[in-house]
Amino acid sequence: MGMAEIIARQPLRLAGVALALSAAACTGPPPRPPAPAPAVAAIDQPGKSPVPRPDALEDVPDATPQRSPRLEEELRRALPASLRVVRTNSAVEPALSARHYEIGALVTDGTGYGTILVTFVSPPITSGEPGCLKPDRAHCRILPRPNGDTVSMVDRSGNTERRAITAERYRADQKLALTVRSLDGADERPSRFWRGGPRLARVPLDADQVTALSDHPGFTPD
């Protein structure tokens, strides 16, 4: 083979090496399969207790040591005289730089139980413009109050089960001042104090009574 032929073939060899390297890069190890999607944890429906609801009424053990007898008595006196109050309870806990107050009254008509709850944080730490969320629009009303506050109410008292009315009262500066709930039963998730037993056939306070309770001036921090 002459020198000219060797020189002529050299570019062909280099081209062949380049093609081989290119093919190896294209046919390298197969791509890794995508990682499996993480499992989505089941979320309990709002208001449902994560444990089976007992047939008989019972107190929920509460590790919160602090109660407010004054606010419990305030709630008892603010309720209509026609309501039969079985007992009251309360919990006072720290909430960021504030304190969270929850006061409850267990009521009965002799056939079932209902719960009335009042909650507030002092000083208020939640802000928002009173309004109706899309899932609640069919049951929601915005009620301006004489003192400049606004009540946002969701009335589900017409449900066939788990009847409830919830009213949130906002101050003029859009701080959430107070929340009142009227529930047709004793369920651990919303009430924290009691669970189980038969339900009332209706909510213990109607919409007007819930609104009036949200206006009550006695729910103030200790």
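**A chat about a predicted fold**

Modeller: In this predicted model, a disulfide, meaning a pair of cysteine sulfur atoms within 2.5 Å, joins Cys132 to Cys140, with 2.1 Å from S to S. Residues are numbered from 1 along each chain as its sequence is written, and side-chain values use heavy atoms, with hydrogens and water left out. Because this is a predicted model, local features need pLDDT of at least 70 and side-chain atom pairs count only at pLDDT 80 or more, while totals for chains, interfaces and linings use all residues.

Colleague: How many disulfides does the structure hold? And is the one at Cys132 and Cys140 left-handed or right-handed?

Modeller: The structure holds one disulfide, and it is left-handed, because the torsion about the S-S bond of Cys132 and Cys140 is about -75 degrees.

Colleague: Is Cys140 buried or exposed? And what does Cys132 count as?

Modeller: Buried means under 20% relative accessible area, exposed means over 50%, and partly exposed lies in between, using a 1.4 Å probe and protein chains only. Cys140 is buried, since its relative accessible area is 12%, whereas Cys132, at 27% relative accessibility, counts as partly exposed.

Colleague: Changing topic, how many helices and strands does the protein have?

Modeller: The protein has four helices and nine strands, where helices (H or I, at least four residues) and strands (E, at least two) are DSSP runs numbered from the N terminus. Read along the sequence, they follow the pattern α-β-α-β-β-β-β-β-β-β-α-β-α.

Colleague: Which strand does β5 pair with?

Modeller: Strand β5, residues 140-144, pairs with β6 in the antiparallel sense over five bridges, and two strands count as paired if DSSP finds at least two bridges between them. Leu143 stands opposite Val151 in β6. The two strands, β5 and β6, form a hairpin with five residues between them, and Gly148 in the turn has a positive phi of about 100 degrees.

Colleague: What about the inside, which residues have the most contacts within the largest nonpolar core?

Modeller: A nonpolar core is a set of buried Ala, Val, Leu, Ile, Met, Phe, Trp, Tyr and Cys residues joined through side-chain atoms within 4.5 Å. The largest one has 28 residues, and those with the most contacts inside it are Leu75, Leu79, Ile116, Val118, Met153, Leu213 and Phe219. Its largest share, four residues, comes from β3. There is also a second, separate core of eight residues, which includes Ala91, Ala164, Leu183 and Ala186.

Colleague: And what is Met153 in contact with?

Modeller: Contact means heavy atoms within 4.5 Å. Leaving aside neighbours within four places in sequence, the partners of Met153 include His139, Cys140, Arg141 and Leu143, along with Ile165, Thr166 and Ala207.

Colleague: Which residues of α2 are buried?

Modeller: They are Leu71, Glu72, Glu74 and Leu75. Seen down the axis of α2, these buried residues fall within an arc of 160 degrees, so they line one face of the helix; the arc is that of the directions from the helix axis to the C-beta atoms. What covers them includes β2, β3, β4 and α4, while the face of α2 turned away from the buried side carries the exposed residues Pro69 and Arg77.

Colleague: Last one, where is Gly110?

Modeller: Gly110 lies in the loop between β3 and β4, and it counts as exposed because its relative accessibility is 55%. The C-alpha atoms of Gly110 and Leu200 are separated by 9.1 Å, with the two residues 90 apart along the chain.
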